[in-house]
Amino acid sequence: MLGLVLGGGAAKGYAHIGVLKLLAEEGIRPDIIVGASMGALVGGFYAAGYEPDELIALAGQVDKKKKRWLFPIHVSKKGFIDGKHIMQHLKQFTGDTKIEDLEMTFATVATDIERNQEIVIDRGSLLDAIRAAISIPVVFMPHRYKGRLLIDGGFVNPLPIDICRMLGAGNIIAVNVLRKIDYVQRKITEVTPMNGSVHVKRVFLEYIDCATARLIDYQLTYLKKGILMNINTDDIRLGDFEKGMEAIQRGYADACKFRARLKRFTG
C-alpha cells in the first residue's frame with residue numbers, strides 16, 4: 001500500500017495542495033494518508049474526497065480579511081485563538097464526517113498535554129481530528145476531545161512517517177514544507193561573529209526550526225526506500241494564510257522535480 005505523509009507548517013502547508021495536484025497528474029492516489037498540523041487539514045479534506053482543484057479554490061478564499069475572521073484574538077490564559085471560527089468554517093466542508101467513512105485510510109497526530117501522550121487519531125470526527133491537529137500551543141486554545149486536552153502533535157512529530165508505517169504503508173511519499181536544516185554537532189571553537197540582530201522572536205523561531213529539523217531527521221529513519229519531498233517555503237511565514245496560491249505554486253513546482261522518481265508508483 002502507498003502512504004502519503006504531509007508534514008506540519010501552518011500557512012506553509014498550503015504547498016501540500018500543489019503536491020497533490022502533481023500526484024493527480026501522474027495518476028498516483030495513496031491508500032493511506034497521514035498528516036500533522038496543516039498537513040492534517042489538507043490531508044483530511046483530500047481523504048474526504050476533495051480533489052486538488054477544489055482544494056485550490058478553497059485556499060483562494062482566504063484573503064487578509066478572511067484571515068482576521070478565522071483567527072480573532074482573545075486574551076485567555078489558555079491561548080490567543082479559541083478556534084470557534086475555524087470550526088465554523090471547516091464544518092461547512094466536513095459536516096459530521098467520520099474518519100472511518102473516508103475514501104482512504106486517514107490519521108493525524110495530537111499531543112495529550114495532561115497525560116504527556118502522543119495520540120494517533122484514526123477514527124471518530126474528522127472535524128475534531130483536524131481541530132486538535134492544528135492547535136498550535138499558546139496560539140490556539142487546546143481542543144478537548146474524547147476527554148483529552150489535545151494540542152498540535154506536529155511539535156513532537158512534524159512528519160509522522162512512523163504512523164504511516166504502523167498503518168500498513170509499504171511505500172511512502174513524505175512531504176516536508178518546513179525549513180531544511182543540517183543540524184550538526186561540533187566541538188566548541190573560536191569563530192567569526194555573524195552579523196544580524198538578535199531578538200526574542202528570532203531566537204524562538206531558530207530554536208523551533210532546529211528542534212523540528214532533528215525530529216524530522218529521526219522520522220526519516222522510517223522512510224527506507226520512500227521518497228522525501230522538501231518544498232522550499234522559506235519566504236512564506238507560518239501566519240501567511242493569505243498567500244495560499246503562492247504556497248500551492250511552490251509546492252507544485254518543487255514536486256515536479258520528482259516526476260521521474262514517482263514513475264515507480266504509477267505501474
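Hi everyone! Please keep in mind that this is a predicted model, where local features need pLDDT of at least 70, side-chain atom pairs count only at pLDDT 80 or more, and totals for chains, interfaces and linings use all residues. Residues are numbered from 1 along each chain as its sequence is written, and side-chain values use heavy atoms, with hydrogens and water left out.

Rolling a probe the size of a water molecule over the atoms shows where empty space is left. On a 1 Å grid over the protein atoms alone, a cavity is a set of points where a 1.4 Å probe fits but cannot get out, while a pocket is an open set with protein on both sides within 12 Å along at least five of seven lines; lining residues have an atom within 4 Å of a point. A volume is the space filled by probe spheres set on the points, which are joined across faces, edges and corners.

Let's start with the pocket. The largest pocket holds about 1400 Å³ of space. Its lining has 39 residues, and Ala10, Ile136, Leu205, Leu238 and Gly239 lie nearest the centre.

Together with Phe204, Tyr207 and Leu238, Leu205 makes a nonpolar patch of about 410 Å². Such patches join nonpolar side chains (Val, Leu, Ile, Met, Phe, Trp, Tyr) within 5 Å, from residues with over 30% relative accessible area and no salt bridge; the areas come from the Shrake-Rupley method with a 1.4 Å probe, and a salt bridge puts a side-chain nitrogen of Lys or Arg within 4 Å of a carboxyl oxygen of Asp or Glu.

And how many cavities of 30 Å³ or more are there? The count is 1. The largest cavity holds about 370 Å³, and 22 residues line it, with Tyr14, Met38, Leu41, Leu90 and Phe241 nearest its centre.

Notes
Patches are made of residues with over 30% relative accessible area and no salt bridge: like charges are joined within 9 Å, nonpolar side chains (Val, Leu, Ile, Met, Phe, Trp, Tyr) within 5 Å.
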